[in-house]
Each structure stands twice: as structure tokens, then as C-alpha cells.
Amino acid sequence: MKKNDKRSGKKAKTDINVNRKRTIKKNMCVLRELFYLRMHGLMVFRLDFLAPFFVDGSLFVIQLLAFGAVYSHVDVIGGWGRGEMILYIGTFSLLNAVNMTVYFFGVNSIPYKVRSGELDLYLSKPVSPLFRLTFENISPGSVPLILMSLCIVAYGICTLRMPLTLPVVISYGFWVLVMTVLYYELEVVIRSVSLYVVSMARLEQIEEAGLELCMKLPGIAFYGVYKVIFYLILPYGIMATLPVQSMIGEMNLQTAAYGIGVVALFTAVTAALWTQGLKHYNSASS
Amino acid sequence: MQSGFIRKGVNILGKYLEVTKTYMKTQLVWRADVILNMVFTVTKIIFAYLLWKMVFQQREMVGEFTFHGMMSYYIISSFLSQLEMSEGIGREIHERIRNGTFSKYLIIPVGIEKYFMAMELGIVLFYVVFDFIAAMVWVFIFRIQFVFAADNGVIVCAVVMAVLGMVFMVQLHYFLGLLTLKYQGIGTFLMIKNNLMALVTGTIIPLALFPEGIVKMMRLLPFYYVIYLPAMLLSGKCEEEAWTGLAAIVCWCLVMQFIIHGTWKKYLRKYDGVGI
């Protein structure tokens with residue numbers, strides 16, 4: 001009897017593993033097809049192909065110029081020198097580049113699809129709607145933006161004259177990855193609101209204003225109420241700050257735990273808001 | 001004969017005045033936009049406040065600025081940049097040429113450029129009061145000891161320069177919109193232009209913090225006189241540049257008018273009225 005139970009338990013475990021593998025395989029196939037479709041669409045409008053690179057690239061080059069001018073008059077700002085600031089701008093640019101390349105154009109279309117009722121098509125397909133929405137508008141034209149960001153990061157490291165060890169690179173890479181997830185979740189959370197309300201243009205404006213501010217200002221500048229807003233409510237302030245702090249050795253255990261905690265919190269909020277939001281969705285003109 | 005001429009002039013002015021009035025009234029429909037426009041001026045001020053507060057903790061002067069002088073500059077430049085709303089003109093023309101509805105402007109009995117000028121005037125006149133209130137509120141909240149120009153001549157000069165700067169920006173966006181007749185898609189270019197404008201008009205940081213060579217080069221461009229110089233003049237700096245600056249922006253407005261005239265004559269024939 002016990003032997004039978006053990007065997008059936010093992011079988012159930014194997015079945016779960018097989019199903020999981022199948023789902024991953026299916027999602028990979030879907031991802032490949034979405035990429036081909038996207039490339040096909042982009043080739044129709046070739047001029048727009050590199051648009052994200054030029055638009056966002058110019059934005060971060062201007063940031064570099066502006067802070068270059070400030071640092072020609074001062075040596076440090078809040079304990080950070082020119083090198084740290086370049087690293088910060090490069091890291092924010094890198095997060096933005098990954099965002100633009102992988103998921104921005106997909107996630108950004110959620111409110112429109114909810115308003116027009118196009119989300120129906122996503123709900124009726126045998127693949128997770130959020131998965132498809134996330135990856136259906138990959139932008140290969142933004143890949144040069146990733147390369148440019150890495151160049152800015154390298155320039156920051158050179159300016160700092162810091163030795164680059166493997167643990168430092170791994171730690172930086174880990175935090176960039178974690179913050180990419182946070183960036184994605186913040187975008188989904190804000191756009192999921194469209195499942196509950198009629199218009200969410202204001203919320204997008206708030207997102208834009210918060211991002212614009214934190215793009216220019218590292219988290220170390222925030223204190224008091226600003227810290228509550230940009231470290232917890234709209235945590236854009238920690239997005240590029242934590243990877244930089246991990247690289248320059250300013251991160252302690254408390255900061256690391258806080259960063260992970262915020263990401264975990266937003267993962268839960270995103271999942272809940274999206275799942276519940278789909279229940280509110282009333283098809284066209286919701 | 002003379003009264004007929006005057007009557008004709010008044011009629012023409014009345015026509016554009018109606019456009020201005022209509023756009024002023026239209027703004028009332030978007031009341032939430034008005035409030036948010038006021039509120040969002042604060043992001044520029046927060047950026048300046050937090051950044052320069054950190055910087056001025058270690059020193060009393062940066063370039064020729066004290067902390068309160070710097071904040072006064074940001075309050076004025078933020079007020080002026082918030083009033084500069086002509087970007088929509090370029091986009092409107094771009095969209096209408098692309099979908100073929102630009103014909104509307106060819107049919108109505110007004111000069112298209114003047115129509116957009118009147119439209120911009122209506123929007124600016126509506127927002128000027130609210131943006132002024134917002135600026136005063138930020139001065140109060142951030143406890144800024146506001147530094148303002150003392151010389152009346154300089155103040156008048158700065159106000160006229162800021163108005164001419166806005167006229168120039170309307171001309172620029174009108175010209176960029178017309179480029180759709182040749183290049184079909186200018187959306188990307190408009191976005192890059194916005195990024196560049198933030199730097200060259202001194203809304204991110206005052207241009208005075210750049211090396212002297214770069215500032216000299218900027219003086220040759222019209223953008224120096226759109227927000228940066230009026231803001232500097234109103235915060236009591238660069239007073240020696242007031243009259244030359246005014247002359248420079250007048251020249252740029254005239255040059256831009258010639259460019260618009262040439263572009264209009266050259267490319268209008270490409271417009272087919274059916275969209276691209």
C-alpha cells in the first residue's frame with residue numbers, strides 16, 4: 001500500500017515536471033513566433049526601426065553633458081563624484097534600454113487594448129495574456145541602446161578607476177536584473193489600473209514625471225517625504241541606485257534586504273492587480 | 001479711405017481674436033489638465049531643490065549663483081517653459097498632412113501661421129495666471145528667498161524677449177510641421193528635438209555652468225534667448241546682454257519667417273489632400 005502511494009506520488013511529481021517543461025517549451029515557441037511577427041511589422045516601417053535608440057540615446061547623452069557641466073564646478077554631490085554619477089546615468093540608461101528592447105512597447109499598449117476591447121483576443125488564446133502582451137512588441141532597434149549604456153557604464157568604471165572583480169560584476173548584474181523586474185512590474189501595475197477605471201492618462205503622467213525626476217537624480221539625494229515616495233510608493237529612486245551602490249561597495253545588508261523586499265512586494269501587487277483586473281474586464285469599451 | 005483701411009485691419013484682427021477667445025474657452029473643458037499642468041511644474045523644482053541643496057551644502061557659490069539665486073532661476077525658467085506649449089502645432093500639422101485633413105487649414109479664410117499664433121496666444125493667456133500661481137506656491141513651499149531683477153528696463157526687455165521667444169517657438173514648430181510635406185514622418189525627429197531643447201534652453205541646468213566656449217556657441221543659437229536669457233535677466237543676472245539678446249531674437253524671428261515662406265512655397269505643391 002505504502003509502496004503504491006510512493007509510486008503514485010513519484011508519478012504525480014514526474015507529471016508536474018513534464019507539464020512544466022511542456023509549458024516552457026510552448027512559451028518559447030510562442031516567443032519565437034512573436035519575434036518573427038514583430039520583425040515583419042518593423043520591416044514595413046524601416047525608418048522607425050532605430051527611433052527608440054536615437055530618442056532615448058540623445059536623452060542620456062544630454063544627461064551626461066548636464067552633469068559634466070555641474071561637476072566642472074563641484075567635486076562631489078552628496079558623496080558621489082563624477083564617476084559614480086556617470087555610472088548612475090549608465091545604469092539607468094541600461095535599465096531603460098532593456099525595458100525598451102524587451103517589454104515597453106507591449107506593456108504600454110495594455111490601456112489601449114482594454115479600452116478598445118482588443119484584449120478579448122488575448123484572453124481567448126491558449127497562452128498567458130500578460131506573457132503575450134509583454135513579448136509581442138520586442139524592439140530590436142533598441143539593442144544599440146543597450147550597447148551604448150554598457151559603454152557609459154564602462155566609462156564610469158574607468159573614471160572611478162576601480163578594480164573590476166568577478167564578484168562585483170556578478171553583484172551588479174544581479175541588481176540590474178532585479179531592478180529590471182521591478183521596472184517591468186511598475187509598468188504593469190500602472191497599466192493594470194486601466195482594467196478598473198475609464199481613463200488613466202493622469203497616472204501615466206505621474207509615472208512619466210517620477211521617471212524623469214529619478215533619471216536625473218540618484219536615490220542618495222532623497223530624504224524625508226521624497227524618500228517615502230521614491231523608495232516605496234513609486235520606487236524609481238532605487239532602480240539605478242542599488243546596482244551602483246552594489247558596484248561601488250556602498251551597499252549594506254539592510255539596503256539589499258530592502259531592495260529585495262520592495263521587488264517582492266511589487267511582484268505580489270502586480271500579480272494581484274492583474275488577476276483581479278481581468279475579472280473586472282468587460283470586453284469592449286470597459 | 002483711411003477709415004476703410006482701419007476697418008479692414010480691425011476685421012482681420014477680430015478674426016484672429018475670435019480664434020484666441022475660442023482656444024481660451026476650450027481650455028476650460030480640460031480642467032484636470034490645468035491643475036496637473038500646475039502640479040507638474042513641481043517636478044522641475046524638486047529636481048533643482050534636491051540637487052542644488054546637496055551641492056550648496058559644501059559651498060556658498062556655484063558659478064555666479066547662490067542657492068536662492070539658483071532656485072529663483074529654476075522657478076522662472078520652469079514658469080516660462082511651462083508656458084511654451086507650441087509643440088502641439090508641429091504634431092497637429094504632421095498628423096493632418098499624414099492623414100490628409102490639412103486641407104481644413106487651406107480652406108478656412110485665415111492665414112495658417114497666424115491662426116496657430118492666435119491659438120497659442122489663447123492657450124498661453126489662459127495658463128499664464130495658473131502657472132504664475134503655481135510658481136508663487138513653490139516659492140512659498142520651498143521657502144525660497146526669491147531673487148528678482150531690480151531694473152525696470154531689464155524687466156521689460158526680458159518680458160518682451162520671452163514673448164518673442166514664444167513667437168519663435170511657434171514659428172519653429174510650424175516649420176517642423178511643414179517638413180512633413182517633404183519627409184512624411186517627423187515624429188522621431190520631434191522627440192529628439194524635445195530632448196535637445198531641454199538642454200539648449202537651460203531648463204535642465206543654467207547654461208552659465210557650461211564652459212565659456214560652449215556658452216558663446218549657444219549665444220549664436222536662438223534657443224539661448226527663448227527661456228535661458230529671459231530667466232537670467234529676471235533673476236537679476238546677465239543684464240549687459242539684455243538689448244543684444246532682444247535684437248538677436250528679433251533677427252531669428254525674421255530669419256525663421258523667411259525660411260517658413262520658402263518652405264511653404266517649395267513644398268505645398270507636394271500636398272495631395274488624401275493622406276500619406
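The model is a predicted one, and every value below was computed from it.

**The interface between chain B and chain A**

Where the two chains meet, 29 residues of chain B are in contact with 30 residues of chain A. Together the two sides bury about 2,800 Å², and 75% of this area lies on carbon and sulfur atoms. On the side of chain B, the residues that lose the most area to chain A are B:Leu50, B:Met54 and B:Asn195, which together account for 21% of what that side buries.

Which elements of chain B give two or more residues to the side that touches chain A? They are helix H2 (31-56) and helix H9 (187-200) of chain B, and of the elements on this side H2(B) gives the most, with 14 residues. Sorted by class, the side of chain B that touches chain A has 21 nonpolar, five polar and three charged residues. Between chain B and chain A there are zero salt bridges, whereas five residue pairs are in polar contact, counting pairs with both residues at pLDDT 80 or more.

**The second largest pocket**

The second largest pocket holds about 620 Å³ of space. Its lining consists of 26 residues, and those nearest the centre of the pocket are B:Leu83, B:Val128, B:Ala162, B:Val163 and B:Met166. H6(B) gives the most to this lining, with nine residues, and the lining as a whole divides into 25 nonpolar residues, no polar residues and one charged residue. The table lists the helices of chain B that each supply at least two residues of the lining.

| Helix of chain B | Residues |
|---|---|
| H3 | 67-83 |
| H6 | 112-141 |
| H7 | 152-178 |
| H11 | 228-234 |

**Salt bridges**

Side chains of opposite charge can pair when their charged atoms come close. Over all chains, a search of the whole structure finds 10 salt bridges, although the count between chain B and chain A is zero. In chain A, the side chains of A:Arg191 and A:Glu204 meet in a salt bridge, with a distance of 3.8 Å from N to O. This pair links distant parts of the chain, since A:Arg191 belongs to helix H9 (residues 166-192) of chain A and A:Glu204 to helix H10 (residues 201-216) of chain A, with the two residues 13 residues apart.

Conventions
Residues are numbered from 1 along each chain as its sequence is written. Chains are lettered from A and ligands numbered from 1 in the order in which they are written. This is a predicted model: local features need pLDDT of at least 70, side-chain atom pairs count only at pLDDT 80 or more; totals for chains, interfaces and linings use all residues. Side-chain values use heavy atoms; hydrogens and water are left out. Contact means heavy atoms within 4.5 Å. Buried area is the accessible area (1.4 Å probe) that two parts lose on being put together, summed over both. A salt bridge is a side-chain nitrogen of Lys or Arg within 4 Å of a carboxyl oxygen of Asp or Glu. A polar contact is a pair of N or O atoms within 3.5 Å; within protein, one must be able to donate a hydrogen and the other to accept it, and residues adjacent in sequence count only if both atoms are side-chain atoms. Helices (H or I, at least four residues) and strands (E, at least two) are DSSP runs, numbered from the N terminus. Ala, Val, Leu, Ile, Met, Phe, Trp, Tyr, Cys and Pro count as nonpolar, Asp, Glu, Lys and Arg as charged, and the others, Gly among them, as polar. On a 1 Å grid over the protein atoms alone, a cavity is a set of points where a 1.4 Å probe fits but cannot get out, and a pocket is an open set with protein on both sides within 12 Å along at least five of seven lines; lining residues have an atom within 4 Å of a point. Grid points are joined across faces, edges and corners, and a volume is the space filled by probe spheres set on the points.
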